[in-house]
Amino acid sequence: MKGIGVRLLAIAAAVIVSGSLAVPAAAEKKEKTHLQFGGNSENDDWEFNRQAEDNQYFLPDADTYFITEQNISWMDDDQLVLARNEFFARRGRKFSTKWIQEYFDKQKWYHGRIAEKRFTANLFNAYETANVNFIINYENKRKEKRKSKVTRIRFTGPNEVSEEYNSIYNQYNDAALSGWDSEHSSAVGLRWIVDDKDIAKTMSYTCMDLDGDGKDEFIVGSTDKKKFGEGAVFAVYTLVDGAPKRLIQSDGNISYYICEDNQIRREETSDDGRWTIGYFELRDGSLECTSLLVMDENENSEKPWYALEAEQKLQGFEITDENGAQQNTDGTEAFNLSKVPEDQIGSVGVEMLNNVTYEKASEMRTAHTGEELEMVPFTVEDD
């Protein structure tokens with residue numbers, strides 16, 4: 001699809017730092033730019049470039065892209081508060097909360113000039129609005145999670161992995177003993193980790209029951225939460241008829257997270273800038289999609305978010321069946337989202353989804369937050 005620029009939006013209402021931001025309504029004329037998601041983007045403005053080089057920012061350039069859970073899940077509660085208020089501080093706001101003001105006073109980039117009561121959010125663009133809402137929702141979800149958290153994670157070791165997973169564990173353990181070289185990493189389907197030695201040093205695993213059938217799934221991930229985010233995993237295996245079956249495997253464009261309610265979140269970024277997030281539940285040895293969220297500004301630059309719940313039906317898009325044959329529901333039939341294969345979820349057409357607001361998208365993005373996985377390093381030889 002041909003790229004379409006996005007017009008940055010202005011906010012009419014006043015904003016309270018601890019509350020949710022209103023979705024921008026009025027269009028503001030600015031030079032066209034392309035929506036980015038989940039990372040820093042190049043920008044000719046010297047200020048943005050300076051921010052990216054300044055380690056004192058929690059979220060450098062976060063006024064030019066939509067943040068993801070990976071960007072913030074490593075932060076503690078105080079850091080989340082500072083990261084959220086960083087958007088206001090960068091726009092010159094002063095703070096009545098003493099420790100917050102003291103923190104920003106120490107940052108060389110901060111110039112507080114607008115009193116809290118006089119500050120309005122009409123300086124914010126669509127990215128800043130969505131990102132502040134996202135952090136607020138994430139903070140609320142974290143608080144709720146702590147009130148009702150009952151973990152089902154079991155600490156494991158080489159001798160505690162279910163014997164059905166012995167062959168899988170040995171493959172990964174051999175890769176660890178070999179320093180995660182190309183041959184052994186490719187054998188477990190994670191060839192991409194050899195390009196980053198720091199990843200290899202943090203490779204780990206755990207076992208937990210994701211579907212409540214009394215049998216563990218074997219989960220491979222990393223102990224580096226700051227790099228990958230809370231609940232990030234690289235591969236998940238389950239047992240089907242007593243034999244291990246790989247459910248997921250991450251690569252350069254697709255990331256997976258185990259959520260606190262045992263759902264699996266799948267995030268995919270395509271080369272054309274489209275971003276897809278799907279939530280899945282493990283049922284009878286397979287993953288079934290429960291909800292889907294797509295960001296595609298080529299469809300609608302002013303409202304780029306589209307969403308669908310599994311209870312609804314998709315109509316009029318093409319998909320292949322289990323034998324590879326093409327199916328085309330031309331609008332006269334219905335297709336259940338929960339039956340879309342996990343590896344084809346990114347192909348669902350956004351024209352079949354319902355357009356939603358930034359606030360609704362933010363709610364869905366934080367609907368299932370990452371689990372606090374306690375990963376165990378694979379056996380490695382002493383130096």
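**Figure 1. Welcome to the whole protein.** A residue is called buried when its relative accessible area is under 20%, exposed when that area is over 50%, and partly exposed in between (1.4 Å probe, protein chains only). By this rule, 51% of the 383 residues of the protein count as buried. The model is a predicted one: local features need pLDDT of at least 70 and side-chain atom pairs count only at pLDDT 80 or more, while totals for chains, interfaces and linings use all residues. Residues are numbered from 1 along each chain as its sequence is written, and side-chain values use heavy atoms, with hydrogens and water left out. The secondary structure amounts to 10 helices and 18 strands; here helices (H or I, at least four residues) and strands (E, at least two) are DSSP runs, numbered from the N terminus. Two residues are in contact when they have heavy atoms within 4.5 Å. Among contacts between residues at least 6 apart in sequence, 60% join residues at least 24 apart.

**Figure 2. Helix α4 and its buried face.** Find residues 98–105 to locate α4, whose buried residues are Ile100, Gln101, Tyr103 and Phe104. Looking down the axis of α4, you would see these buried residues fall within an arc of 160°, so they line one face of the helix. The arc is taken from the directions that run from the helix axis to the C-beta atoms. The partner for the buried residues of α4 is α3 (77–89), against which they pack.

**Figure 3. The largest nonpolar core.** A nonpolar core is a set of buried Ala, Val, Leu, Ile, Met, Phe, Trp, Tyr and Cys residues joined through side-chain atoms within 4.5 Å. The largest one here has 30 residues, of which Leu59, Ile67, Ile72, Phe87, Phe104 and Ile135 touch the most other members. The elements that contribute two or more residues to this core are α3, α4 and α5 (126–148). The largest share, seven residues, is supplied by α3. In soluble globular proteins, nonpolar side chains tend to be buried together. Take a moment with Phe87: leaving out residues up to four places away in sequence, Phe87 touches Leu59, Ala62, Phe124, Glu128, Asn131, Val132 and Ile135.

**Figure 4. Two loop residues with positive phi.** Start with Asp61, which sits in the loop between α1 (46–53) and α2 (69–72). The phi of Asp61 is near 60°, a positive value in a residue other than glycine. Now move to Trp180, in the loop between α6 (166–177) and α7 (182–187). Its phi is near 55°, again a positive value in a residue other than glycine. Trp180 counts as buried because its relative accessible area is 3%.

**Figure 5. The hairpin of β6 and β7.** Strands count as paired if DSSP finds at least two bridges between them. Strand β6 (residues 232–240) pairs with β7 in the antiparallel sense, over six bridges. Together β6 and β7 make a hairpin with two residues between them, and Asp241 in the turn has a positive phi of about 55°. Across the pair, Leu239 faces Pro244 of β7. Further along, Leu247 also belongs to β7 (residues 243–249), and a relative accessible area of 12% makes Leu247 buried. Not counting residues up to four places away in sequence, Leu247 touches Val236, Tyr237, Thr238, Leu282, Gly285, Ser286, Leu287 and Glu342. Glu342 is 95 residues away from Leu247 along the chain, yet their C-alpha atoms are separated by 8.9 Å.

Figure 6. Glu267 lies in β9 (residues 264–269) and is buried, with a relative accessible area of 9%. The side chains of Glu267 and Arg265 are joined by a polar contact of 3.0 Å. Such a contact is a pair of N or O atoms within 3.5 Å; within protein, one must be able to donate a hydrogen and the other to accept it, and residues adjacent in sequence count only if both atoms are side-chain atoms. Setting aside neighbours within four places in sequence, Glu267 is in contact with Thr68, Asn253, Ile254, Ser255, Tyr257, Trp275, Thr276 and Ile277. Trp275 is part of β10 (residues 275–283) and counts as buried at 2% relative accessibility. The C-alpha atoms of Trp275 and Leu293 are 8.4 Å apart, with 18 residues separating the two along the chain.

**Figure 7. Two buried cysteines.** Cys207 is buried, with a relative accessible area of 1%. Cys259 is buried too, at 0%. How many disulfides does a search of the whole structure find? The search finds zero, where a disulfide would be a pair of cysteine sulfur atoms within 2.5 Å.
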